Amino acid sequence: MSQIKPDARSTVSATDIAVSVRNVSKVYGDVQALKDLSLDFPRGELTSLLGPSGCGKTTLLKIIAGLLPATSGQIEVNGKTVTGPGPDRSFVFQDFALLPWASVIRNVAFGLELRGVAKSEREAIAEKYIREVGLAGFEKKYPHQLSGGMRQRVGLARALSVDAQVLLLDEPFSAVDEQTRRKFQEDLLQLVQNEKKTFIFVTHSIEEAVYVSDQIAILLPRPSRVSEIIRPSSFRDKGVDNIRRDPEYLDIVDRIWASLRSYVE
Amino acid sequence: MTVWGYRLPALSSLILWALLWEVVGRLEFTFFIPPFSEVLVTLVALLPTKAFLGALWTTAYAFWAGVFFAIVIGIPVGILMGKSRILDELLLPWVNIFLSAPLTALVPVLMVLFGFGTKTVIITTALFAIWIIILNARAGVRQINRSLVEMARSFGASPLDAFFKVYFWAALPEILGGVRIGVIRAVKGVIIGQLLISIVGFGALFELYSSKFLMAEFWAVLIVLFGLAFVLSEFLAYLERKVSYYAASR
């Protein structure tokens, strides 16, 4: 029943790859953060980067975003080599990174504002995504008037409103409380289905990764490498309420913990 | 503040000092301190005179011009120093030297360079104000949340957009603090300029009244000056409070 494939790349044809990481290395001074790392992200799916702290998962995400240069190797997004940030990718930050002096609607529209979209047009788009993330009625509020979970919904709406094909999420739910987090995870599954975008999701929570992912890349540290790729197969269509008691879900969580256990200090 | 259960209005300590002033003045210890009431009467008589209004206009013009240049040069320079390591290394020693330098001693040099007119007074005023404005803008930019900078980059902000839409606003609480202190220093600068360079405006009034021992007039002008500086600084403090809601949550 449990179908775990050590190498998923063989099962996905090349045209369906939205983002591909080829032989990427990253060196900070004399610290090797990433070493010769290769990984493919299938289009329209959510891939988690999971690993113990210090395994370089956020570094990899920022290299894909173009916020950090790779020391060697290259990233391709839809076949185009990444040289810096671009409109084909948008980023959701761990600490939300909202403009504290701007209202919710201006924050959500900020990506479009930077692209020179006219005010009425960008606010119409922003309103749509504010509704989509469940913040209708909060357009005129300021970030300090919102809870942590609501702030991250603003960050999510901002990333969605620029209509990038690839969404990069850097531990987006780690700064919100457990209950909000569960709601977020359910909403994220819905979002992946509705938006038909490629999601790359960094997390340190095993349960979260297994719950939301189509594909999980386990990264191991020192030096960072992909040790295993897991594609859960059977529980994705069973509804959000049934995932956590699905035998395959439980098996995968156990199996990942078994392989990560020895890396946790 | 509450005394014996009564809540005192703001500035009530000033009433106490005014009373003390009155008493000392009436005791006639020294010609230097006339009674406070006499100063107030002189003040009211002085305000509508042509000499006073002319001086107020001259001083206000030099002051605002100096403050204007200090702000429009100081804030961008401070922000650029906060963003650029090279610029910071180059300029920071000079900013720190001029911040603590006795600028009054430099005034004769400025007179040689720029002449004896209003221009030199304006430059002196700007020099008094600009250094703290630069330092505060720099400090403001340096504490900007890293992910806010990354956010601007990841959504493709041009350097100009990042400057005007993110860095400036993120540093605004510190910038306003710098402007407030800079403006107070500029008051000092404009009077020193008007005393030493071209004897005009309030500087000329101070010179005139103190040389003729017209102490009531002297204090009256000083009170006006203090009042104007106080109102200005309170206004800037009010602006600072308006942005403080996000100063804590950046």
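Predicted model: local features only at pLDDT ≥ 70, side-chain atom pairs only at ≥ 80, totals over all residues.
Local features require pLDDT of at least 70 and side-chain atom pairs count only at pLDDT 80 or more, while totals for chains, interfaces and linings use all residues. Residues are numbered from 1 along each chain as its sequence is written, and chains are lettered from A and ligands numbered from 1 in the order in which they are written.

In chain A, strand β1 (residues 17–28) runs antiparallel to strand β2 (residues 31–42), the two being joined by eight bridges. Strands (E, at least two residues) and helices (H or I, at least four) are DSSP runs, numbered from the N terminus, and strands pair if DSSP finds at least two bridges between them. V27(A) has Q32(A) of β2(A) as its bridge partner. Two residues separate the strands of this hairpin, in which G29(A) adopts a positive phi near 60°. β1(A) is also joined by five bridges to the antiparallel strand β4 (residues 72–77) of chain A, where R22(A) stands opposite Q74(A).

For chain B, an unreviewed UniProt entry lists transmembrane regions that include residues 6–24 and 122–141; UniProt positions follow the numbering used here, feature names are shortened, and annotations may be inferred rather than shown by experiment. Residues 6–24 of chain B are 68% helix and 11% strand, with end C-alpha atoms 28 Å apart. Residues 122–141 of chain B are 100% helix and 0% strand, and their end C-alpha atoms also lie 28 Å apart.
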